[in-house]
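Visitor: Please take a close look at the aromatic ring pairs in this model. Which rings pair, and how are they arranged?

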Amino acid sequence: MRRLALVLGVGLAAGACATAVPPSTPPARQTLAAPYVERAQAAEKDGRLREALESRQIALTVDPDDAAQRAALGGLQAKIEGQVAAQLNEGRAALSRGAHVAARRHFLSALALDPGNRAAFDALRDQTQDVELLSHTVRAGDTLASLASHYYGNRALSEVIAETNKLQPNARLTAGTVLKIPEVPGVTLNRPGARPPAPRGTQPTQPPAAPAPPPPAAREEPAEVNPVVAEAREALERQDYAQALADVDQLLASTPRNPEALALKKSVLYSQGKAQLAHRKYRDSLATLTQLAKIAPDYEDSSALLRQTRTRLVEEHYNSGVRFYREEKLPEAIAEWKAVLEIDPQHANARKNLEQSELLLKRLDERRK
């Protein structure tokens, strides 16, 4: 079949997703190292620097004379060192503000980039504390400042809530979103049902003659919480997205305009699509994020995630087609390139390879008759 392919002049098109079959055979070491080089480039482009570093190191182990890869490895190591230093600085700054949850996140990010980093390890072990986290379901009218006032008695600590939940300090809150409220060392944390702490700078002049009942806390009244919504939120917190969606859809079937259910569905779809993308389940992620786009096209950064998912899925099918072609499995290669065109009908290389492979397969079938 290879000889016939050469006679017909059928070759794979070069593209961003994969490299075409070259006209001449490269050196054996370069050929063996090429998949690791491609993997490193893709990982670095996506910001997965540790994975890129490991792939480049493997490529240089296979082909130690590759000067270009050696230079790329040095640049990547410098980039990692810079990001590790930045994460350490962010972690120390968070510690100085009492934001231990955020500090732990930064130190863990540093260790993810450089698992042997002693400074990050020591800071994580000796300086950060395990803190208690309360869950708060956002209601209409909630702001970061009002939550900080309610839970800490200090509106200035809104920054701690923002950092813990990876929000901007002035972020607008969406009803139905579940936030984590962290304990701040040295600050009394108001738990559900307890009386909110007095704002800073105020001192009671005289205790009341008789204990006064706590002020009504509307957000804690169980009668206002739909049990189906509560179950869906709990499922979302434990990352059981299928159950969360089932609960939300059950509620929307009876009350299609329920604002809490609609907001929660957007949050579930976003979290599920993002998780599927992180686990490289690109087709599942594409389906989930496409569903989210139909009801909320501008939700968070879902449009960017959707583009990223499409790109990854196209690359996956395209590269599989190249692999099958090289293994002389033409029907499988054709199926993969058809899948590419279903997602991206304008993909010129996939269309060209598909047409050439179908022509080759047709001529092979005619030859067998």
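Guide: The count comes to three aromatic pairs. Rings of Phe, Tyr and Trp (its six-membered ring) pair if their centres lie within 6.5 Å; planes under 30 degrees apart count as stacked, over 60 as edge-to-face and the rest as tilted. This is a predicted model: local features need pLDDT of at least 70, side-chain atom pairs count only at pLDDT 80 or more, and totals for chains, interfaces and linings use all residues. Residues are numbered from 1 along each chain as its sequence is written, and side-chain values use heavy atoms, with hydrogens and water left out.

Take Tyr270 and Tyr299. Their pair is edge-to-face, with 5.6 Å centre to centre and 65° between the planes. Tyr270 sits in helix 11 (residues 259-278), Tyr299 in the loop between helix 12 (282-295) and helix 13 (302-326), so the pair ties together parts 29 residues apart in sequence. Helices are DSSP runs (H or I, at least four residues), numbered from the N terminus. Tyr270 is buried, at 13% relative accessible area. Tyr299 is buried, also with 13%. Buried means under 20% relative accessible area (1.4 Å probe, protein chains only), exposed over 50%, partly exposed in between.

Now Tyr318 and Trp337. This pair is tilted: 6.3 Å centre to centre, 55° between the planes. Tyr318 lies in helix 13 and Trp337 in helix 14 (residues 330-343), so parts 19 residues apart in sequence are tied together. Tyr318 is buried, with a relative accessible area of 1%. Trp337 is buried too, at 0%. Ring pairs also bring in Tyr325, linking Tyr318, Tyr325 and Trp337 into a cluster.

Note on methods
Helices (H or I, at least four residues) and strands (E, at least two) are DSSP runs, numbered from the N terminus.
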